[in-house]
Amino acid sequence: MKIQEKVKFEEDLDRNFVDEIKEKSGCDEIDRCIQCGTCSSSCPMAVYMDYSPRKIMAMIKNGFKDEALKSFTPWLCASCYSCQVRCPANIKITDVMYALKRKAIEENIYPSRFSIPVLDNEMHKILTNHGRSSEVWLMLKLYLKTRNPLGLLKMAPLGLSLMKTGRMGLKIESIKNKKQLRKLLKAVKEET
Amino acid sequence: MNDYIYYPGCSAKSNAKHYEESILPVFKEMGLKLDEMEDWNCCGATASLSVDETKSAAISGRNLSIAEKLGKNIMAPCAACYLSLKKSNQFLMSETKKAKKILKDLKSVGCEYKGTVEVKHPLEILTNEIYLKKIKEKVKQKLTGLKVACYYGCQVVRPYTDFDDPDYPVTLDNLMEALGAEPVNYSAKTRCCGGSLTANIEEAGLRLNYILLKEAKRKGADVVVTICPLCLFNLEITQNKIVKKYKNDIKMPILFFSQLMGLAMGIPKEDLGFSRSLISLKPMWEKIGDGGTNE
């Protein structure tokens, strides 16, 4: 029988990955993970994830950089903080998920046509440009970028009932002092 | 500090207008002055935190500095705003190199922030002992017989659990009791509604909201009461599809806690945004015997 390597071995792993993540806010306690699985059992989205939160923790600690950053798991985190408040090792698991999302964007290896990173990016863009966000424009952009725009037609009944109850604004609201916001965002982008 | 500055957030100006319409008169009735923050900007919610931590903290820093200049604490009724502002407040005061740089940049554009502002959710403000007593005195029309499922969702009670329990909070239940309503033992009270994922991944969104609505129905609730605009939105817009997909009639009105507060305190119901509900409120009006003629 010929045996085959089923998992990555030392030479394929990136042992610096754990330190890269630990540098991010809220991630310094990650070494304390005891693999108890409380996070995975608390997670309302775990059933849809490719790797459970517990596995993600193990992957970070053990250098499975590619797998962790390409995983859908961080993007499926709804930010409910259940895992975080229950973790017996006090690891800020939700913050670790945020760190993975930002790292994946930095390294440009996130699932690109997957709607969640697109939504996050677009919302961040709208609000940094205008100072306020707009649900209608956000949904519009999302459909144009990730799905068949005709799918918007399916949203028509909802749009109509929101319109009837006066709960849909069609224009993007802006703050008055956009100049200040722009200056601020430019300043924080520059390195010291 | 007794006075708060009101940070509405984007939802209270669009799909959750009835939150603002009810929370403002309720605060007035309670004798709490509440001015809207001048030229506030969006908190960035979960999106900015996922994309750029520095910018996320900076934009919240701008809001915090506006409140600080007035010497006021912030009242944020939206769960995501509440969490983002609180999180950024903590981050900016963390003394890290990154935080210090952002504080310096804030100062350079006229938004100096020293860290004196506290961020509060209205539930936290209204349910301390003094106000809860005051609310009981203010109730003119008890909501007798109305069974409510008190839904806290996630981001008000987690992870910054200053005023209640992260898994089994009770402040909203106490508040509803003070109004004469009957809170049911709602075991899903802190389960997630999916947040912004619900609009994105329908399959998951429907499932999560089905769990919430089914449990409320099972416990005999007449309405679900929320403290977050996105929770309310998700619980409303998924109902038709849930009925179809799961063949279970879980239809149920979803209201903001401030709407029921206003109603019990005798504020005219026309002024509390009830007409904005996407779900019929008729059974509720019948139950509390309040001139259900308008609905």
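**View 1. Contact of helix 11 of chain A with helix 5 of chain B.** In this predicted model, Leu184(A), Ala187(A) and Val188(A) of helix 11 of chain A meet Ile102(B), Asp105(B), Leu106(B) and Ser108(B) of helix 5 of chain B, where two residues are in contact if their C-beta atoms, placed from the backbone, lie within 7 Å. Helices (H or I, at least four residues) and strands (E, at least two) are DSSP runs, numbered from the N terminus. By class, this contact holds five nonpolar, one polar and one charged residues; Ala, Val, Leu, Ile, Met, Phe, Trp, Tyr, Cys and Pro count as nonpolar, Asp, Glu, Lys and Arg as charged, and the others, Gly among them, as polar. Helix 11 of chain A and helix 5 (residues 97-108) of chain B pack at about 145° with their axes 9 Å apart, the axes being lines fitted to C-alpha atoms, for helices over the stretch in contact, and angles running from 0 to 180 degrees between N-to-C directions. Residues are numbered from 1 along each chain as its sequence is written, and chains are lettered from A and ligands numbered from 1 in the order in which they are written. Local features need pLDDT of at least 70 and side-chain atom pairs count only at pLDDT 80 or more, whereas totals for chains, interfaces and linings use all residues.

**View 2. The side of chain A that touches chain B.** In total, 49 residues of chain A are in contact with 48 residues of chain B. Helix 8 of chain A gives the largest share of this side of chain A, nine residues. The residues of this side divide into 23 nonpolar, 17 polar and nine charged.

**View 3. The open sheet of chain B.** Four strands in the order 6-5-7-8 form an open sheet with parallel pairing, two strands being paired if DSSP finds at least two bridges between them. Strand 6 (182-183) and strand 8 (254-256) of chain B stand at the edges, each with a single partner strand, so one side of each lacks a neighbour in the sheet. Three bridges join strand 7 (residues 223-226) to strand 8 of chain B, and Val225(B) stands opposite Leu255(B).

**View 4. Backbone of Lys247(B).** Lys247(B), in the loop between helix 12 (239-246) and strand 8 of chain B, has a positive phi of about 50° although it is not a glycine. Lys247(B) is exposed, with 7 other C-beta atoms within 10 Å, where exposed stands for 12 or fewer such atoms, buried for 20 or more, and partly exposed for counts in between.
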